[in-house]
Amino acid sequence: MTIKNILYPFFLAFSLLFVFQGAYAQNEDVEIVDYETVKSYEIGGVKVTGLKYRDSEAIIARSGLRVGKKIKIPGQDIPNAINALLSLQLFSNIEIYLEKTVGDIAFLEIKLQERPTLSRYSYTGVKKMKHDDLNEVLENVVLKGGIVTEDTKQLARKKLLDYYYEKGFQDAKVRVLEKRDTSKTNSVQLEFAIDKKKRVRVGKIAFSGNENAKGWKLKRKMENTKGRWNILKKSKYIAEDFRKDKNSIIAFYNNIGYRDAKIVRDSVWRDEKGRQQIAIEIDEGAKYFYRDISWKGNSIYDDDYLARILGIQSGDVYNKELLDKRLSFSLDGRDVSSLYMDDGYLMFRVEPVERAIEGDSIDIEVRITEGPQVTIDKVIIKGNDRTHEDVIRREIRTRPGKKFSRSDIIRSQRQILNLGYFNPEAFNMETPVNPARGTVDIIYTLEEKPSDQLELSAGYGGVSGLIGTLGVTFNNFSLNNITDRSTWNPLPQGDAQKLSVRAQSNSQFFQSYNISFTEPWLGGKKPTSLTTGLVYSAFDYSAFGSGRLAIARGFIGLGTQLKWPDDFFSLYGTLNIEQISLDDFRNNGFSIENGTFNNNSLKLALTRSSINEPIYPRSGMKMSLSVQFTPYYFWRDLDSSLLSDDEIAAAVTQENKVRGGGDPMSQLEEAAFVDELQNSSKFKFLEYHKWRLDSEWYFNLVDKLVLMTQAKIGFMGYYREEIGLVPFERAAVGGSGLNNQTQGINGRDIISLRGYEVEDIEVNNTNIDGASIWNKFTVELRYPLSTNPNSTIYFHTFAQAANAWDNFRDYNPFELKRSAGVGLRVFLPMFGLMGFDYGFGFDKQLGDTATFRDYGQFNIVLGFEPE
């Protein structure tokens, strides 16, 4: 409290003395009150004046001067009432008058002057784009309509200074200017005048005494305090972060055997250029080794078994971090704590104690408190406003009545987040224990996030006419609730079903329509998924003399989660019924131009995925082996597949008639025509088998920096040599997988290779039909700019190598087309994945006149990550 507030009651007492004396001096008929003598009164009434925005009854109640209360004048009752009202910080002036007395009944008046309220506040000295960030800083500090006090202004100033200090602007200045708002009664405006100055960057970080650790290694351990040449983090100095980084340096030494390492002194100063210079002097001490590790308190598992789990031998270098991980928690599950907690011992405790230190040797005694086994009582799920509870419960591994298991908890968290319906940053889990009953409740607290996606684009081309795409995907659809209008938003939600509808057209030349539906838990008891859908695509290039292509396909698929070898495995099968129709489809990458072809196949895929997050994975792997094969039409041998001489003659006659009165086909033209007729007949029912192996690995290198490695290989074969490879379902390498619309949907697998177009990679000096074998390798470094689930953004650099061959005789896994580049990915729940890549193709065959720019390729990514 200020001095003013402390002295105010005394000044008020004297003021009251003069007020009352003056009043009575003017009227000699009124009894003179002697304020030197304490007299008791009963409050007969209290009047509050000066209020415009506050309730008088609440003010009277706060003051404590209620009607009927006995007070003494002079005494502490009046000062206490003033102090009570001052504590509200609502008034700039408070006066209490003895209005009149009737015998020993006193009537009081509380006269108040209200503090001004805040009408608005603004910032100067900073860009407007930063105002939203500053508003978040001042949230709950300055409120429009709230009372403006000196404490409020100083707190707001401190919050803004702290904000800029944490960003490295140590010299920032903030002034709070108050001015009256003439447009509103008793209101003021605040202006925060900000001068952030220049960011104080760290210049040089120098170490001394570090004989057994290189300086650059120690700098890497300083996660927050970086030199000015660091590209992943801004160079800035914050005292609290610097303290944490010094602890990290000592922890690093502890992990390489230097148990007694310490920082003797450190110096931080500003040089003449304003940069923060840092000098750290280290005393490494001696290097220690483990000599003996003993166990105490263990009855469930013997010493030898626990020692094997620990994996630390006598003579190993002292490593405190490794010891703690192997005892308490290791990401790979190889730790003593997991051994117990996965068997229900939730209250298990372990403490390593240094029992003896002799020379450079340390003896450790591991003290264990096993505790009782705990079973799960209740599993409570909160925050699922749209998703039905049974959808979540069927994913989790924690069940009432089961023994507590930490592995089940971790796996349940991963399964819930992989649904894609909940905010991973808001995910919370509690495990309150009831020791008396030996039970534990598990409470999952969730926050729903948008999961539906909309794809909408339109344009107009001079030749193509209107070009447009409209697609919607409802990822949490509910077919069962279709009659319950309360669940519609805009369609019924909550059962984790997926409904996708998409239409695409560029007027007369191209049309594509597809619809699909997925039920992830067919029957509701086991994780068996059902997917079914229809796809129709048609091209019409007859205006350019290139004919027509139409593809109609229906499919149905079943998938299930396996329990062996572990439950990260899944098996999926899809039955495809497809018909491809060509009508003079010339110069479009196929050796066949006419005919109707039946492509009926079954695809089986065995997948193992342990990826921790679906949008921005930081750890785990995904591996998939798939085979797609058609029936072996054994009743159709080559002779029966080909046209008879009479059929050929009739077809030639018909073709000559179509040509009109001109010359009939030449012998060469007739031979080509007959050859195409025979191929069309031979491939009427496609026969092939396709194999593919994909693998992806994710490694969290440091902070949020992730390394992704990927390897893929695929090949295609045939059943009968006399029929050979079919002209469809082959592979083409190049592009983004999206930039060649025709090839992307007409029965060829487009394997993306950033930095190249499909036409840049020829198979046997031609791109007709495509390749039967290919492989591809990718390395990416990813760093997120935002991990907010409502807008996940990450930047990446990549290096790729891939190629395709016509057959195994030509296959050479080291003859690859190489590329490298940069890219950006943005995931918005409403629109899905979007992004771009710029790749530089090192092995393009462009000739001597090509410029550096010709080797680059810009690609757009929409909807999904390319193959």
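Lys144 is exposed, with a relative accessible area of 62%. Exposed means over 50%, buried under 20%, and partly exposed in between, with a 1.4 Å probe and protein chains only. The model is predicted: local features need pLDDT of at least 70, side-chain atom pairs count only at pLDDT 80 or more, and totals for chains, interfaces and linings use all residues. Residues are numbered from 1 along each chain as its sequence is written, and side-chain values use heavy atoms, with hydrogens and water left out.

Lys144 sits in the loop between α4 (131-137) and α5 (150-166). Helices are DSSP runs (H or I, at least four residues), numbered from the N terminus.

Now the aromatic rings. The structure holds 31 aromatic pairs. Rings of Phe, Tyr and Trp (its six-membered ring) pair if their centres lie within 6.5 Å; planes under 30 degrees apart are stacked, over 60 edge-to-face, and the rest tilted. Tyr253 and Tyr258 have ring centres 5.9 Å apart and planes at 85 degrees, so this pair is edge-to-face. Tyr253 is buried at 0% relative accessible area, and Tyr258 is buried at 7%.

Phe634 and Trp635 also pair edge-to-face, 5.2 Å centre to centre with 85 degrees between the planes. Here Phe634 is exposed at 61%, and Trp635 is exposed at 54%.

Ring pairs also link Tyr301, Tyr305, Tyr340, Tyr345 and Phe348 into a cluster.

Methods
Helices (H or I, at least four residues) and strands (E, at least two) are DSSP runs, numbered from the N terminus.
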